[in-house]
Each structure stands twice: as C-alpha cells, then as structure tokens.
Amino acid sequence: MARRVSYFQRFSQPENHATNNTLLALRYFYQSSPFKIERLFSEILETELSIGLIFEQQIKNEAGVPDAEISQQPLRIVIETKRGGTVDVDQLERHMDSMSQNAAPNGKNFLFALTKEPIPESLGEQLKKTAQAKGITFSALTFSRLLQGLEAQCADYERDLRDVIDDFKDYLSEADLLDERHKWLVIFPCGTSFEENIRLGVYYEPPSRNSKAGYPFIGIYRQKTVSHVGQVEAVVIVSCQDGSHSFETEYGVLTEDREKRIKAAIEQTLYFDLKTEAHRFYVVDEFLKTDAKKISPNGIFGFRYLDLSKLIPSYDGKEPLSVEKLATLLNGSTWT
C-alpha cells in the first residue's frame, strides 16, 4: 500500500531514533524561521532567549560607537533522551560537569531531559538546583510538550510546517512516545461530504496519508466549528474492482453493519468517485452533536489534533471518557 513521503525515519535503534527525529523536527522549524525556535525555547524555559544573528545600531563600547553590529550569542543546548518517564541522574550530572568545563565565556548553557512521561517534580527541582550551581539551566520536557510547543509556532496557512508537525506527531504515536495519547481529538474538515459523513458515521481519506488509527475520537469540522464527534470503532482501507470490495482492517472490528455503511458511502457519494481508487474509512457507530468553535482567524486546511485538556477545563485524562460525555463537555468550548 502506498504511503506518503515521510519527513522522519521509522526504523533504527529506538532511543537514537527518537533523538534524531526530534532534531530533524527542530531543524525543519529553524530552517523555516529561527524566530520560531527562539520563541519555542523562550516559552519552555520561561526566559528571554536569543537564537541566530542579532542586528543592532549605535552600540557603545570602550573604543567608541560603531554604526552597526551583527553578533551571535554563544549558546549550547544539550538533549538527553529517554523513552520512558525516568532519567539517569548520574548521567545528567556528568553532562553538567562536561558542559561547565567547556562552556563559552558569557554563554548560555541548557540541558534538556526529553522523556515520554513527566519526571517527578521533586527530582526536577533537585536537578535544576544542581545545574544552576554549575551555570547551567536544566529543564525536563516530554515529547508531548515539545509537540504542543511546535504546534503553537505554526499558523494554519503554513502548510509545509503543518506537514512536518503531522508527520512528527504520527511518528511519536507509532513509536509510543506520546503520553496520554487518548487526550487528543483528531478533527477533519468536511465540505460536500458533510451530510453523508454524519448520516453514515464514516469519514474517508486517501490511504497515502498517515493513519490516525489508535486515536479514540474524531471530530467533524465545518464553518469554523467542530459540530460532531464520534468514537472510532474501526479503521479500514477499501478497494473496489469489478463490482467487488476488498477490505484491509487497520484497527478495530469490521462488523456487518459497519461494512454495509462503508459500501453505502461508496455507492451513494455522487460528487467523488470512491470506486476508482482505494480509500481509508474511519467508522464510528454514531456522530454526536457538539459545538467547539475556532475563534482565531481563518479556517483549517487539513486535519488537526486538538488537546482535550486545553479544550475542557474539567478534563481528567485518568478517567475513561465516553463519546456522549465528550460531546457534552466540548459543547460551548473554543480553540485557536
């Protein structure tokens, strides 16, 4: 089955692989705009940080006042990656010792522990104090938090960067590096297919796109509003040839009723010919009404991931969430 070109590798030693793909994501953003990376790390570290060249005029120094100056601040960021929620304290302290011995004069030195799950708060505070004594800023960061930070730096119209984010998120999901994956709602924009999507309880897309199998809920978006949500019961790739249908199940169970509704979508959709090429179908038992409005300018140009913990103030990721409760909690919420 064809797959779109990926920005990130899927095969390698797991920990080195995660580090490499994270650096690739950051490099894509830096190449697009150094200011995006500057804002990202400034927000994460809660401090003003300068990355890249600095352009200044009339800077006084001991010898005089030159008309202009272009400089680059000494900066060093070291990342230690762990695939779980624990870190090796001795290893981090050795990194700190090495960094303090080789630090650039008047430079800024940062050490990140990048993990799947948050490290204990008490341990994080201990490591911050140890690092501070050596002239280093320490920060613990999860893959999910990094992903949220990257998403915040990317506008809807920046399609190239959106593609990078989507593929990075899919990689993190496939590699099981996202904490609380169930808290993400995948929303799809719908136009002419809206009525059929709701009536038949399906959403379809080309199989060349990365599968969203594994995310429990999907939402239907139209006119700047997530108007319906459903719980994913099956994800199936369907091909048609000579009047027969071929089903490849990626997730869940393809019951007789779900198969019937997929076939109805293929037969009844008049504005797209779903028989000429394969499509991936996300099947829910029912789409329920809700109302979660996008309050920032412009619509969305493709699917999006929404963080339920930001949409719903009372959201508790530790408790199972039914689609009925989700629809109720989302009703009246807003997002950007």
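Strands S3, S4 and S5 form an open sheet in that order, with parallel pairing. The model is predicted.

**Sheet**
- The edge strands are S3 (75–81) and S5 (137–142), each of which pairs on one side only.
- On average, neighbouring strands of this sheet are turned by 20 degrees against each other, direction ignored.
- Strand S4 (residues 108–115) runs parallel to S5 and is joined to S5 by six bridges.
- Thr115 stands opposite Thr142 in S5.

**Nonpolar cores**
- The largest nonpolar core comprises 48 residues.
- The residues with the most contacts inside this core are Phe29, Phe41, Leu150, Phe168, Tyr171, Leu172 and Ile218.
- Helix H6 (residues 159–174) gives the most to this core, contributing six residues.
- A second, separate core has 20 residues, including Phe217, Ile300, Leu326 and Ala327.
- Leu172 touches Phe143, Leu147, Leu177 and Leu178, leaving aside its neighbours within four places in sequence.

**Helix H8**
- Helix H8 (residues 256–268) has 13 residues, which should span 18 Å at 1.5 Å a residue; its end C-alpha atoms are 18 Å apart, in agreement.
- Its buried residues are Arg258, Arg261, Ile262, Ala264, Ala265 and Ile266.
- These buried residues pack against helix H7 (194–200) and against strands S7 (202–205), S9 (225–241), S10 (244–252) and S11 (279–284).
- Asp257 and Arg261 form a salt bridge, with the closest N and O atoms 3.1 Å apart.
- Because Asp257 and Arg261 lie four residues apart in helix H8, about one helical turn separates them.
- Asp257 is partly exposed at 44% relative accessibility, while Arg261 is buried at 11%.
- A network of salt bridges links Glu233, Asp257, Arg258, Arg261 and Asp285.

- The whole structure contains 18 salt bridges.
- One of them joins the side chains of Lys36 and Glu158 (3.1 Å, N to O).
- Lys36 is in helix H2 (residues 34–45) and Glu158 in the loop between helix H5 (143–152) and H6, 122 residues apart.
- Both Lys36 and Glu158 are buried.
- Asp176 and Lys116 also meet through their side chains in a salt bridge (3.3 Å, N to O).
- Asp176 is in the loop between H6 and strand S6 (184–189), and Lys116 in the loop between S4 and helix H4 (121–133), 60 residues apart.
- Asp176 has a relative accessible area of 40%, so it is partly exposed, whereas Lys116 is buried at 14% relative accessibility.

Technical notes. Residues numbered from 1 in each chain as written. Predicted model: local features only at pLDDT ≥ 70, side-chain atom pairs only at ≥ 80, totals over all residues. Heavy atoms only, no water. Core = buried A, V, L, I, M, F, W, Y, C linked by side-chain atoms within 4.5 Å. Buried < 20%, exposed > 50% of the residue type's maximum accessible area, 1.4 Å probe, protein only. Helix = DSSP H or I, 4+ residues; strand = E, 2+ residues; numbered from the N terminus. Contact = heavy atoms within 4.5 Å. Pairing = 2+ DSSP bridges. Axes fitted to C-alpha atoms, helices over the stretch in contact; angles between N-to-C directions. Expected span 1.5 Å × (residues − 1). Salt bridge = Lys/Arg side-chain N within 4 Å of Asp/Glu carboxyl O.
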